[in-house]
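Try each task before reading its solution.

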Amino acid sequence: MNPRRKKRMALLLAVVVGLSVMTGLVLYALQQNIDLFYTPTELVQGKGETKLKPEVGQRLRIGGMVVPGSVSRDQQSLKVSFDLVDAGGEVITVIFDGILPDLFREGQGIVAQGHLDDARTITAFEVLAKHDEEYMPPEVAEALKGIEHVKPEYSQEQLKGSRS
């Protein structure tokens, strides 16, 4: 083999090895940062045929309906805890330290992103409320089949105050 072919072969080998290492590092990074979507039932009972459950400390997203009467606010801070439920009947608790979206209310479908503390508790760093009553992501809609959406009830004072 002449020297020119040896250089080309070495260069080609270096490029292939470099791309392989880069691909491996990207896949490793994605493995650690992928947010998997769960419903409360999938979180408790496991997801899919293998009944795969997330590990404590794993980052994830969870979607469900806020259980009426479950919202608890700390008077000294912005910390809020509430329960989520889906059609499977499992209830999990979400703890959030921050300002909730304006559309957040009991009986509302939400998606929370955070870390799993234990089998039924999530510490969220982001809470998203759906923006209208018609649209819902397909995964959340499937999980909430059979659960009735609770429409907000406004008093006469609230209705008069919003028009002035």
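Helices here are DSSP runs of H or I with at least four residues, numbered from the N terminus. The model is a predicted one.

**Exercise 1.** Find the helix that holds L27, and decide whether L27 is buried or exposed.

Solution. Start with the position: L27 lies in helix α1, which covers residues 3-33. Next, take the cut-off: exposed means over 50% relative accessible area. L27 has 54%, so L27 is exposed. Finally, look at the surroundings: L27 belongs to a nonpolar surface patch together with L11, V15, L19, M22, V26 and L30. The accessible area of this patch is about 670 Å² in total.

**Exercise 2.** Classify T41 as buried or exposed, and list what T41 touches beyond four places away in sequence.

Solution. T41 sits in helix α2, residues 40-45. Buried means under 20% relative accessible area. The value for T41 is 14%, so T41 is buried. Its contacts, leaving out residues up to four places away, are G46, D86, G88, G89 and E90.

**Exercise 3.** State how many salt bridges there are, and describe each pair.

Solution. The count is two. One joins K47 to E42, with the closest N and O atoms 3.9 Å apart. K47 is partly exposed at 29%, and E42 is partly exposed at 23%. The other joins E90 to R120, at 2.9 Å between the closest N and O atoms. This pair links distant parts of the chain, 30 residues apart: E90 is in the loop between β4 and β5, and R120 is in the loop between β6 and β7. E90 is buried at 16%, whereas R120 is partly exposed at 36%.

Methods. Residues numbered from 1 in each chain as written. Predicted model: local features only at pLDDT ≥ 70, side-chain atom pairs only at ≥ 80, totals over all residues. Heavy atoms only, no water. Patch = residues over 30% accessible without salt bridge, like charges linked within 9 Å, V, L, I, M, F, W, Y side chains within 5 Å. Areas by Shrake-Rupley, 256 points an atom, 1.4 Å probe, with all protein chains shown as cover. Salt bridge = Lys/Arg side-chain N within 4 Å of Asp/Glu carboxyl O. Helix = DSSP H or I, 4+ residues; strand = E, 2+ residues; numbered from the N terminus. Buried < 20%, exposed > 50% of the residue type's maximum accessible area, 1.4 Å probe, protein only. Contact = heavy atoms within 4.5 Å.
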